Amino acid sequence: MDIRTLLLIILAVIAALTIVFYQYFFKTNQKGSLKIILTALRFLMLFAAFLLLINPKLIDKEYYLEKSNLILLLDDSSSMLKSSNADDIERYIAKIQDNEALRERFSQFQFKFGSQMEESDSLSFQQENTNIAKALSKTNELFIKGNNTVVLFSDGNQTLGRDYEFLNLKNNVQVNSVVVGDTTTYQDISIGLVNTNAYAFLGNKFPVEAIIQYSGEQNVSKNLVINLDGKRVFQETVSFNPTENSKRINTLVEAESVGLKTLELQISPLENEKNVINNNKVVALEVIDEKTNVTLVSDMLHPDIGALKKAIESNEQRQLNVVKPNTTNEVLEDTDVFIVYQPNGKFQRIYDFIKAGNYNHFTITGTQTDWRFLNQVQENFFKEDFNQKEEILPVLNRSFSEFGLGDFDTADYPPLISNLGDLDISVAHQNILYQRIKGVDLDIPLLTTINSGGKKEAVLFGENIWRWRAKSYLDNNTFGIFDDFIGKLLLFLNSDGKRSRLELDYKTVFGGTDAARIKATYFDKSYNLDPNGSVQIEIRDQNSDYSRQAPMLFKGSFFEYDLENLNAGTYEFTVRENKENISKSGTFKIVEFKQEDQVFSANYGKLQRLSEKTNGRLYFPNQLDSLVEDLLSSKHTLPVQKSKQNVVSLIDYRMLLGIIVFCLALEWFLRKYNGLI
C-alpha cells in the first residue's frame, strides 16, 4: 500500500470522527449507552463510505527466475548412419539431455527433423531428406522471447530447402553445432545436378545437361555414358585435375517413341573410390505426340503477360505466343486456345476470327478494357463500366465442378484491380472465384467459366494476376500451384469432350525430392463436389505381380493417395468411385534416387560458419564436456530475474455496501424505537 492511500484512510477516520462528534456530542445533552451505540453505527457507516470512495489497493510484487531455453535439434535422416551408429548418436544426445546441471539452468525442448520438424523423444534415422533450414526457421518462429540456445546434432548435409548457412536468425538465438559423422574428405567423382525436360515431343531432340564434380588431388579421366531406356545415346571422356574439378556436359537426345522414358547417367568410378552410389543418376521424362499452342493477343505491355507466359510454358506440352491484334492469319490459324488481354476496338478482327472458327478462349479484363466495344462484340456477358477503379479480393468457390482445383487456394491472395460496374452473365456459367470488395463478399464472379453451345470460355474480371503467382511462390517456395491451376484452366478450354465426374491430378514421373501423390476430384450427378464419395485406388506394378488397393483420403476439396512407400518402378493405376462405378486409369513412374546416399562426409565447414554467425561454436562428439561447460558458463544463457506486479483491492465493495446498509438500517430502527428524531 502506498503512502498516499494510507494518508487518505487516516483522513477518512478523522473526517468520520469529526462528523460523528458534531452530530452526537456538539450542543447535545443526550447521555447513556444508546448515544454510544448510535455514535458507533454512524462512524462505521461514514468510514465505510469513505473507504468505498478511496478503494485502497495492495500492490504485491512477485519475483521469479526466467530460464533460458535450450533447444535440441536432432537430425533424423538416414545419412546420419553413414559413419556412425544409432547407439553412439543417442549416447551423445543423452549426455546433454540427462545432465542435471543443464536441467537446473535451462528449460529444455527437443525436436527431430528430416523434411519436417516435429517434437519427439525418439529417433529412427529413416527420413529420406534433410531440411536444416526449415528446422532452424521453425525454431526461430516458436521461440520469440528470452534467450534461446540451439544445440544442433547433424552431419550438416542438407537435401531440401534454403541454404541454412545464410539464414538470418533473431539476435536471441545462438546455434551450437555438434558434428555427427566422418569429417574425412575422400577422393570422389560424382554426377551432380541433371537438367532435362519433363516432357519431350516425338521426333524432336531434347536437351540434357549434367554437372560432373571431382574431389581429389590427382589428374583423372573418366568415361561418361548416357542411356535412354537401356540404349546408349551419348558417351564422352571427361578429364579433371585438382583445380579444374567441375564440368558441365550438354547434349541432345532424340525422342524416338512415345511413353515414359528412363534416362540413366553413369560415370566410371575412381580407383578405391569409397562412395560409388553418386556415380549413377537416373531421371525420367515422358515423350508425347501433341502440343497445345496458346496465343495471347494484347495491345499493351503488362506484367500479367510475363506471368502467364511463365505459367503456361512451365509445362513443355504448351507454348504461348504473344501477338498484337494486327498479327497475321497464319499465326491465328496455328492456335488451339486464345487469351484475349484487355480488348479494345482494335480487337474486332480477333473476335471475328474466334467466332468464325468457334475457338475456345480466355478473356482477361481490367482498367484499360474498352467495355463499350466488348459488350457489343460478344453476347455472353455485359458490364456497365462506372470508370472507377476498385481493389477486388478473390473468394474461392470450393463447389466448382468443371475441373479439379487441386491445391489452389486464394486465401490471403492480394487483390486484383478492375473498374466498378454492374455485371450480368446471360448464359450458363460456373464461378471459380467470387468478388470481395471492402470486406463484403459479393455474389459476383471474379473468374468464371462458360460452357455453352459447344463453346468454352473463361473470363477474369481483373488485372494484376502476376501478384497471385508471386504470392504462390512466397507461400510455397514454388510457382507450381499457381502454374498448375492455369494449366488446368487451359486444359478445360482445349478439351471438347464431355464433362467428367471423376478428375485426376498426378505427375507421370516422380523422382528426387518430389512429393509422390495422386489426387482425384469426384462430383455428384449435379456436378457438385461430393465429399461422401467412396473413392478407391488400385495400383499395379508393370514388371511384377505386385498390386495394392486402398481408399483415397478426402482433403477438403479432393481425394488423395500417398505413393511414398512404393519402390522404384513403372506402375499402372485405376481410381474408381464404388457407388457409381466411375473409373479412370493412368500410368506413372517412380525413379530410384536417394539424396541421402549421395554423401559420406559431414559438412562441418558449413555448420561452423552457421554457429559463428550466431555467436555459437562448433563441437565434435568428443568435445561434449566442453559444450556442457560452455553452456553453463555462458552469459547468454544466464537466467533472468523478473518481477510480476499484482494489484489487489484490500476491501470487497460488496462487504462495504453491506456494512453501510446495515448501519443505516440499525440506526434508523434504534432511533425510531426510542422515539428520537
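Mentor: The model is predicted: local features need pLDDT of at least 70 and side-chain atom pairs count only at pLDDT 80 or more, whereas totals for chains, interfaces and linings use all residues. Residues are numbered from 1 along each chain as its sequence is written, and side-chain values use heavy atoms, with hydrogens and water left out.

The partner of Arg 91 is Asp 88, and the closest N and O atoms of this salt bridge are 2.8 Å apart. The term requires a side-chain nitrogen of Lys or Arg within 4 Å of a carboxyl oxygen of Asp or Glu. Side chains of opposite charge can pair when their charged atoms come close. Both residues belong to helix 3 (residues 86-97), and because they are 3 residues apart there, about one helical turn separates them. Helices here are DSSP runs of H or I with at least four residues, strands are runs of E with at least two, and both are numbered from the N terminus. An α-helix has 3.6 residues a turn, so residues three or four places apart point the same way.

In a further pair, Arg 103 forms a salt bridge with Asp 98, with 3.8 Å between the closest N and O atoms. Arg 103 is partly exposed at 43% relative accessibility, and Asp 98 is partly exposed at 48%.

Asp 630 and Arg 617 also meet through their side chains, at 2.8 Å from N to O. This pair links distant parts of the chain, 13 residues apart: Asp 630 lies in helix 13 (residues 624-633), and Arg 617 lies in the loop between helix 12 (604-613) and strand 35 (618-619). Asp 630 has a relative accessible area of 26% and is partly exposed; Arg 617, at 43%, is partly exposed.

Elsewhere, Asp 163, Glu 165, Lys 606 and Arg 609 are joined in a network of salt bridges. The whole structure holds 26 salt bridges.

A search of the whole structure finds 3 cavities of 30 Å³ or more. On a 1 Å grid over the protein atoms alone, a cavity is a set of points where a 1.4 Å probe fits but cannot get out, and its lining residues have an atom within 4 Å of a point. Grid points are joined across faces, edges and corners, and the volume is the space filled by probe spheres set on them.

The largest cavity holds about 70 Å³.

Of its 13 lining residues, Ser 79, Asp 155, Asn 157, Phe 600 and Ser 601 are the closest to its centre.

Conventions:
1 Å grid on protein atoms, 1.4 Å probe; cavity = no way out; pocket = protein on both sides within 12 Å on 5 of 7 lines; lining within 4 Å. Buried < 20%, exposed > 50% of the residue type's maximum accessible area, 1.4 Å probe, protein only.
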